Amino acid sequence: MALSEIENGCPGGEGGESDLIVKACVLGGFSETVETRALISSLPEVHGDPVTSESTTERFLVIMNRYQEQPHLLDPHTEWMLNMILEFVRSEKSPPSLVHLSFKFLYVVCKVRGYKIFMQLLPHEVADVQPVLDLLSRQDPKDSETWETRYMLLLWLSMTCLIPFDLYRLDGHLESDGGKAREPTMDRILAIAKSYLLVSDTPRDAASVLVSKFMTRPDVKQKRLGDFLDWSLTTISQTNDESMRDIMVLDGALQSLAKLFKHGKRDDLLQYAPTILQCLEQKHLSESSQAMLRRLGVKLIQRLGLTFLKPRLAAWRYQRGSRSLAANLSMSQSTVAAATGTPEVETQEQEEDYDIPEEVETVIEHLLAGLKDKETIVRWSASQGVCSCFQESDNAWHGGCLALAELGRRGLLLPSRLTDVVPLIIKSLTYEEKRGACSVGSNVRDAACYVCWSFARAYEPTELKPFVTQIARAHFAAFQENVGRQGTFPHGIDIVTAADYYAVGNLNNCYLNISVYIASFPEYTKAMIDHLISMKINHWDGVIRELATKALHNLTPQAPDYMATTVVPQLLPMAVGIDLHGRHGAIMACAEITHALYKQGLQTNRTVVDIISAECVDALKNIHQKTLRPMLFLIFFSTVCSIIEKLSLSKMPFKNDPVITGWQWLIDDTIKTLHLVSSGVKDVAVVSALTALCEEYYQAEPGQADSQMQDALISQYIEGLKSPQMLTRCGSALALGCLPRFMIQGKLMQILEGLQHMCTVSQKEGSFTEARRDAVGAIAQVCVKAGVCAHGSPDSALCSENVAEVYGALLNSMNDYTTDSRGDVGAWVREAAMTSLMEVTMLVAISAPEILSVKCMMCCLAQQAAEKIDRYRAHAGNIFLSLLHSTEPEVPHIPHREELLSIFPTTTTLNWNAPSQAFQYITQLLGLPQYQRHTLLGLTVSVGGITESTVHFSSQSLFEYLRGIQDNYAALAQFGDTLLTIFRDNLRNERVSIPFLKMLNQMLANSCFEILTTQENHQFCVELLTLCKEFKKTKDISKLRACVAVFCGLIQFQGEVRKKVLSQLLMLLCHSFPVIRKATAGQMYEMLLTYDDVIDPEVLDDVMTLLSDTNCDLATVRTHRNQLCDWLGIPSPRVVAKVTN
């Protein structure tokens, strides 16, 4: 498929967010010609098989649906598709199933291309009338499986009705072979049309098209038009909208009348219009609960109104000068005026005075009521008839704008009224009404853009020139239309080129990039800034407010003086106003503009206080005091932190000023009270503010901290790590991580010990997971800022004395598997630990590789890369490869580096998120002794997990590795020892033990230890049996089930161990849980069928019979069990009496 891709990247904001990319795929042509021909050609072979027929139809539907948005690409191919399908329809040898399937294919093409275009391609010769009519007569209107056939036949009949011959010529002799009179063709078609107008499925829509084509024929309208209208009015009068059947009938009748009055001639229909209007008034469709009926009622009334009025063409309407956009834009105003200046004499002669019928007033009244309807489709239909903006509601504004657009597009709005209309349109372009927690008005703004678009097509450039600056704010499509047709918009082509359809679809790109480009043109600069100030920084949506303030930051270089002297003084009163949204936006805007002015001042060697007035500086310094009230503080804490950050970055001369104490108190109090705000609130603003504040105001000398503030802050934040509040701990950890280097000097060990202690204690308690995640990240940040010195002081840098402690804390966090109601929340900590390990390792590898030990880290990463959660497996795998492939610096002491590079070459492009790709590589690490245990531990939870794809691909890769070592006794024995080690270490760990048993069952079932089963009483089986016996007293059903399956797999081992396994199974046959007894019996039954050497063939049938009977009480089961023991030659288990003191 030919594709052209348009990509527009835009900054995703601060904080390292990735850029957003807007991609638009535009099809270049119909590229499935060969496949489509094959599908259509296969219809005779597949129609008899429902499965094959459905799959063929679905494939054809998938191909066609690709062109829903560009159906014109089908035009060169529609005719040959139609001809191929009609060959099957016309063939007398085609069975009904093939005919119906052919029409289903036709309907798919018709749906995608649109029936108005597609039906024009249908054959419409005289010879087609009778075959189509006969085929349609044979259809069952109640058959829900073949409605596509009836739909397409009705459209085909609509086209055949256009033949330019009187229909009576087709009748010939009206006597049939039986001597009975045959019904005339005209009556047959009319009867079919009426019958299908009353059905409840899609053919009803096609029947209305048939009526509009058939009833407007010269011969039919003379003989049958009046009767059909009488029938329609009777049908409308006798139905209501209470039952679904009546709703469908009413829908068909109204549709047919609406289409008839659309396609019919005014002279033919005018005499019937008053009667139909009277019937509609009595029906009160506007009060119906069905939006579709209200819409059809408005549409029909509108067309009745057009029938009452004579058509007139306004002389002042836009005259097309050239099809070339360049030629149109290059025309001078004088040329346009000369080209469009036509004498008015001819027009005046054509105009005739006539009385407006009284019915028009009724029509207008109904249309005005339709503009207020709650449904957009009804308002849209009403707007196509009349215009009026009344009542201050979004529905009325929307309907009024649509009506204005239709009036302008049809040339019914005089140029002299533009002075009255344009102010309303400008208001509509920015219309927004707050409702609860959101707002309405997007539909009104879209409709206002439609008005601007229609005005460009209706008026001459000279008429619209006085309003160009105002209309230029319209939506892109409207702006593009005005630029192309008017040619008077400043820099129109440049703006249209940069702000294309796809570029403006990205909100970030629109605010942060396109706005800057447009504002670079002087005509738009202040208008853009004013719009953001008046409409966007007080928007109800916080995202819009933030984007607007960032846009103001970017626009400041375009008009720095205007920002400093006009905008900032305008924002400061809003920042202390009563509107919370406006206050929030104004404070953020002040912060962003001030920072932008500082950057601008650097170019001219001026400070911010030189650019902004003293009154504004004083107001900015004290703006935080207005938010000290508790409720306001909780809402605005991030906003106030933002302005603290920006003012600090702007190097405001506040050092040693009491305001700094106030700012620090605000930041500290925010960290302490974060628990009062929802956990979803971002605390990045607090961290950024603290960093900027320390950098600017807490240095006694460059690079040297104020010792008093250093001691106070670090002690305070370390104490915050012990807070009972989760978010206070998070904030304290983040605060320690963001401190500048000069604040860490001499305090490194104190900070690291505080963070490590919090991680260790909370991990044991299984609480404060988010705080541990932030603390792990803070450890890496502190180490990176402190730097590395192999023989330096542990209080000032990462060195040989403290590097082991740092790695110990991070590696310990890699084993955090805390779970709560949210699931595996420990994964957050593991992810942070992996990231921190990579940052610290790369740092140490550069400066002091001799103090680095990475063996445990690489093994832990291999374990995480083999686990079941895709996201964290991918994170671990990518870090593993980054460290392995790193050359500047090269990470030393990686175990088995050469073997790893052969498994993962530097050219490897691996999608770790895909289990199908990841596990086939990671299982190869099982062959490396240093990595075997950790990799197998990670694979255990994947192979024994519950996600189907993960289980499938991980087990497949594991078994493939085991098949490769089947002939290597030493390697298989080593693998078995590793398995036992993992099982022994995690015997009481539910996260590992149950998946381990499931994985072990799969290994035994796939004969992975066949070489070990040849030896009697192999130690692997003996120890495995001993460990499994530890679970016999557990109450966990899933663990007991897994044990039963493992015992049945261990039966393949020879010697006395087999009898011990059977003994365990026979004891489980009498377990107190019935579900375990049943599972054990079932597993033993399958086991005896699989391994025929377990029991004497003479008693096999008896044993199978006993195992099949599992619905007995416990006493009976014990009797059966003892009988099985005798047959198997195993001593019967005895009940051990409890010893009481």
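The model is predicted, so local features need pLDDT of at least 70 and side-chain atom pairs count only at pLDDT 80 or more, while totals for chains, interfaces and linings use all residues. Residues are numbered from 1 along each chain as its sequence is written, and side-chain values use heavy atoms, with hydrogens and water left out.

I begin with the cores. A nonpolar core is a set of buried Ala, Val, Leu, Ile, Met, Phe, Trp, Tyr and Cys residues joined through side-chain atoms within 4.5 Å; buried means under 20% relative accessible area, exposed over 50%, and partly exposed in between, with a 1.4 Å probe and protein chains only. The largest such core has 217 residues, and Phe975 and Phe1009 touch the most other members. Beyond four places in sequence, the contacts (heavy atoms within 4.5 Å) of Phe1009 include Leu972, Phe975, Leu979 and Phe1053. Another core, of 100 residues, lies apart from it; among its members are Ala193, Val211, Leu225 and Ile236.

I turn to helix packing. Helices are DSSP runs (H or I, at least four residues), numbered from the N terminus. Axes are lines fitted to C-alpha atoms over the stretch in contact, and angles run from 0 to 180 degrees between N-to-C directions. Helix α50, residues 929-943, and helix α51, residues 948-964, have axes that come within 9 Å and cross at roughly 140°. The two are therefore oblique, the class left over once angles under 35 degrees count as roughly parallel, over 145 as roughly antiparallel and 65 to 115 as roughly perpendicular. Residues making the contact include Leu939 and Val943 of α50 and Val951 and Leu958 of α51.

What is the angle between α31 and α33? Helix α31, residues 542-555, packs against helix α33, residues 580-603, at about 25°, with the axes 8 Å apart. That makes α31 roughly parallel to α33. Among the residues in this contact are Arg545 and Glu546 of α31 and Met588 and Glu592 of α33.

Finally, the loops. Between α47 (870-885) and α48 (897-903) lies Pro889, which is joined to Glu888 by a cis peptide bond with omega about 0°. His893 lies in the loop between α47 and α48; its phi is positive, near 65°, although the residue is not a glycine. His893 is exposed, at 52% relative accessible area. Lys651, in the loop between α36 (630-649) and α37 (658-672), has a positive phi of about 55°. Lys651 is partly exposed, at 48%.
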